[in-house]
Amino acid sequence: MAEFLQFCASGLTVGAVYALVALGFTIIYNASDVVNFAQGEFVMIGGMTTVFATAAGVPLPIAVLIAILAAMVIGLLLHRLAIEPARGASPVTLIIITIGASIFLRGLAQIVFDKQFHSLPAFSGDTPINIGGALVLPQSFWVLGGAVVIVIALWAFFNRTVTGKAVLATAANRLAARLVGINTSFVIGLSFVLSAAIGAIAGILVTPITLTSYDIGTLLALKGFAAAMLGGMGNPIGAIVGGLLVGLLEAFGAGYISSTYKDAMAFIVILGVLFVMPGGLLGRASVERV
Amino acid sequence: MRKLMSNRLAVPAFLALLVVGLAFVMPSNFYFRVAALVWISALAVIGLNLLMGFAGQVSLGHAGFFGLGAYSVAILPAQFGLHPVIALIAGGAGCALLAFVVGRPILRLKGHYLAVATLGFGILVSMVISNEAWLTGGPDGMPVPRLALFGWRARGADTWYWITGGLMVIGALLAVNLVASPTGRALRALHDSEVAARVVGVDVGCYKLIVFVISAVYASVAGSALALVNGFITPDAAGFLHSIQLVTMVVLGGMGSILGSVVGAAVLVVLPQALTVFHDYEHLMLGFMMMAFMILLRSGIVPSLSMLIGGRRA
Amino acid sequence: MARFWNKIGRVAVTSVAVLALGAAAHAADTIKIGSSLSMTGPASFLGDPEGKTLEMYVEDINANGGVNGKQLELVIYDDAADANSARTFATRLVEDDGVIAVVGGSTTGATMAMVPVFEDAGIPFISLAGAVVIIDPVKEFVFKTPHTDRMACEKIFEDMQKNGISKIGMISGTGGFGKSMRGQCMDVAGNYGIEILADETYGPKDADMTPQLTKIKGTDGIQAVVNPGFGQGPAIVTRNYRQLGIDVPLYQSHGVASKSFIDLAGEAAEGVRLPAAALLVADKLPDDDPQKPVVTGYKTKYEETTGEPVSTFGGHAYDGLMILVEAMKRAGSEDPAAIRDEIEKTQGFIGTGGTVNMSAEDHLGLDLSAFKMLEIKDGDWTIVN
């Protein structure tokens, strides 16, 4: 049982990060149909900026704010300078642009920061907490708690504010949204800024556990994308479920079956699920527009 | 002009002239090698373009087939003493079979779901190659026996330039013929609208599967060629990043354009060599240029340029 | 951001300067040596210090009059640990740049992909990668400076034998380094009467290894754990190890060869043992140790120039360059074949990795004495016995 709980703790912590990356994918996808492969770079920017700001003597809370702001500005620039000018291009063209952006941001990070691995001190110490025999780091609760707060805040934003409802309206039907006077370009820009902030927060929370470096983004984008598809693209709840599920699959795969093929486990399950449910676990049944 | 362009031999003939012509201006073996790498990538990209540009199906796992082709000319001669040419053919046949088996369920998926399923397939292949070190040498890779035909040993970048150039021209020739055939017309119908194609009686699933198998064979042959040229192969060839690179080549050059496939491959193979002058700024420049190309030439280099010049699609 | 534009500006200026110099340099007749390193990508923590070291010391050598009265010109490429790019750059170095010798190849995969090019062209190649396959069997033009992974296993098992440990668990990275060392350790374990009871792995980019370590923890009779791997993996393994409260000794490999490991792993690093070159404990060597001046000299220069902690990886590049330069001086010519012969005759060369004695059968020239067994105490390395 202790073993089982330990695997759960590991899977949920890693899975929470995948879930936040997947959520970032979902927000941008809903607003603009763009699959943003630079999503992992936001996680890197959050972690690396915090590391370098604290190293420069900035107190942690302020460093965190700087990092989130930096990511948001880069998210906005990404939209204004790369996505907006290509408006109307095919989805696959837009995907290649975001891949170019992710290479660009990595190249920028290796110059502005460096190519070493970095860590942050854990927010509440390194003494593990014993839960039914499983030893869990306090930072894991920060990660999970952070994910929960983000999800609640997003829910409130989308359902309780006019701006949030404008985003939802744009996601539902862009043309109709524009007709009722919503500035869709602003909404899409906002979705990039939001996703960037979510990615950065994930990066900051998880750096004390998993370390960070300029090139962690690629793998996170890959896992986050897979998680979003597993849950059902475009569904925020699906993104969270998909992310946690991929994290748990990896942990249980490594723990109970074979650590060599633990990443394979996640993808085999994803393939299996998609064969049975071609729209993901919580996806809408896809109807092709003719 | 129009007549010449619409002739299905025009593009392969142009490519053949290009291969021959370039050979006279190559200053050193290094340039022959880079060109050979362009031809190899172009071959894989032509195959992938048939799938993406003509049938409208995306694959983020094509490096998996590329890697299987590469490892088949490494493993089969070493383990079973097969001749590399037989191994190349066996690799292509194996990939065709594999594509046929996995293609059935995978191709039922659409859009991004298809992307993630092919991505998963590619990752599984590269994981097996990287982990089964007893067979593949693991992440550090394995040597590939040199190709010998009738006592003549293929070595030297210039020799490989001709072999790979030839393979690429043949690949382009087969591809344009496929596109011009009734199958090709059915494929294009599929690209424009799957529903409409189905309504007019096109067996959508069957055609998708055919083109998926064909594109897998292209990738496999290209992989075998790369392994033989290098004499050494590592799992990077089958990796996720390589899959992304192949897709980028297709889109950059122009979806649905055979000539575009070669241009896309050339850009992404030559750029890193040209960008070495920027040292630390290499990746910055590469990313920037990818974005700039796609924003300015959003239908891909060849179709966008030919629209600009001729006011119509190539 | 200011720093970034600053750098852009500097690069622009230096590029122009380099172009101008390049034209001048051709006239002045320089000696070209080449390198392809993994300065970015998954092995950038190897290639980055290696590249900095080469650039730093070539500049240094040139400031002191160069080699045989000529200035050195270093041509350096970034292969991002991709074997295919490494191969292309190798061809470029030989065919286009016309280098007379090469020091490079951060990873075993990249090295092995380049070997045929240099063997065919008859260009001496000093590799900076770990695995034993590079020099065994011996290849005419290929040498290497880092200790082999096999030696690291032997050193670790020797220490275990001394401490009466015979049943161990292993957790290895699945990257080239970890995979190769795992194989070598399994190979030699029997010679030291060591039994491997648990054998787990983790991916090169994995962020959490508690599931694997939980399994090892649950295996009965394990007296110690070995972790072959490099990069961030070993730091995470070490942290997870303490998190789970595993109390048997943890052995890391020589892949953990810089102070940044201690910084990353923090308090969890206390008590970790590993085999490593004397470079890491430069200031703790006795004054009469012949390696002392070399390692302190390199450490000081590297840390002052780059502002980063020294690593043994950069040290391998230093050793490779110096072995090459000494061979060029002895050969007194720029003939690659003559330089190759002289590299092979290297005797008593004292580098950061140890004392190198090469021969026709041994293109590495280091023995087990080049390794020191270190233990981490109070956030610093100490030498065990």
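**Figure 1. Salt bridge between C:Arg273 and C:Asp159 in the predicted model.** The side chains of C:Arg273 and C:Asp159 form a salt bridge with an N to O distance of 2.8 Å; a salt bridge is defined as a side-chain nitrogen of Lys or Arg within 4 Å of a carboxyl oxygen of Asp or Glu. Distant parts of the chain are linked by this pair, as C:Arg273 belongs to strand E10 (residues 273-276) and C:Asp159 to helix H5 (residues 149-162) of chain C, 114 residues apart. Helices (H or I, at least four residues) and strands (E, at least two) are DSSP runs numbered from the N terminus. C:Arg273 is buried, with a relative accessible area of 18%, and C:Asp159 is likewise buried, at 4% relative accessibility. Buried denotes under 20% relative accessible area, exposed over 50%, and partly exposed the range in between (1.4 Å probe, protein chains only). This is a predicted model, in which local features need pLDDT of at least 70 and side-chain atom pairs count only at pLDDT 80 or more, while totals for chains, interfaces and linings use all residues. Residues are numbered from 1 along each chain as its sequence is written, chains are lettered from A and ligands numbered from 1 in the order in which they are written, and side-chain values use heavy atoms, with hydrogens and water left out.

**Figure 2. Salt bridge between C:Lys70 and C:Asp29.** The closest N and O atoms of C:Lys70 and C:Asp29 are 3.3 Å apart in this salt bridge. Because C:Lys70 lies in the loop between helix H2 (44-63) and strand E2 (72-78) of chain C, and C:Asp29 in the loop between helix H1 (2-28) and strand E1 (31-37) of chain C, the pair ties together parts that are 41 residues apart in sequence. Both residues are partly exposed, C:Lys70 with a relative accessible area of 23% and C:Asp29 with 39%.

**Figure 3. Salt bridge between A:Glu84 and A:Arg87.** In chain A, A:Glu84 pairs with A:Arg87 in a salt bridge whose closest N and O atoms are 3.3 Å apart. A:Glu84 is partly exposed, with a relative accessible area of 21%, whereas A:Arg87 is exposed, at 59%. Over all chains, the structure holds 27 salt bridges.

**Figure 4. Negative surface patch with residues of chains A and C.** A:Asp126, C:Glu267, C:Glu270 and C:Asp378 form a negative surface patch. Patches consist of residues with over 30% relative accessible area and no salt bridge, like charges being joined within 9 Å and nonpolar side chains (Val, Leu, Ile, Met, Phe, Trp, Tyr) within 5 Å. Lys and Arg count as positive and Asp and Glu as negative, His and the chain ends not being counted; the place of a charge is taken as NZ of Lys, CZ of Arg, CG of Asp or CD of Glu. C:Asp378 is located in the loop between strand E13 (372-377) and strand E14 (380-383) of chain C and is exposed, with a relative accessible area of 73%. C:Asp378 also has a positive phi of about 50 degrees, although it is not a glycine.

**Figure 5. Nonpolar surface patch of chain A.** A:Met1, A:Phe4, A:Tyr256 and A:Ile257 make up a nonpolar patch on the surface, together having about 470 Å² of accessible area. Accessible areas come from the Shrake-Rupley method with a 1.4 Å probe; for residues, only the protein chains shown count as cover. A:Phe4 is part of helix H1 (residues 2-32) of chain A and is partly exposed, with a relative accessible area of 35%.

**Figure 6. Backbone geometry at C:Pro137 and C:Ala81.** The peptide bond from C:Asp136 to C:Pro137 is cis, with omega near 5 degrees. C:Pro137 lies in the loop between strand E4 (125-127) and strand E5 (142-144) of chain C. C:Ala81, a residue other than glycine, has a positive phi near 65 degrees. C:Ala81 occupies the loop between E2 and helix H3 (83-97) of chain C and is buried, with a relative accessible area of 16%.

Figure 7. An unreviewed UniProt entry assigns "transmembrane region" to several spans of chain A, including residues 7-31 and 133-158. Residues 7-31 of chain A are 100% helix and 0% strand, with end C-alpha atoms 36 Å apart; residues 133-158 of chain A are 81% helix and 12% strand, with end C-alpha atoms 40 Å apart. For chain B, UniProt (unreviewed entry) gives "transmembrane region" at spans including residues 33-51, which are 100% helix and 0% strand, with end C-alpha atoms 28 Å apart. UniProt (unreviewed entry) places "domain: Leucine-binding protein" at residues 30-364 of chain C, a span that is 44% helix and 16% strand. UniProt positions are given in the numbering used here, feature names are shortened, and annotations may be inferred rather than shown by experiment.
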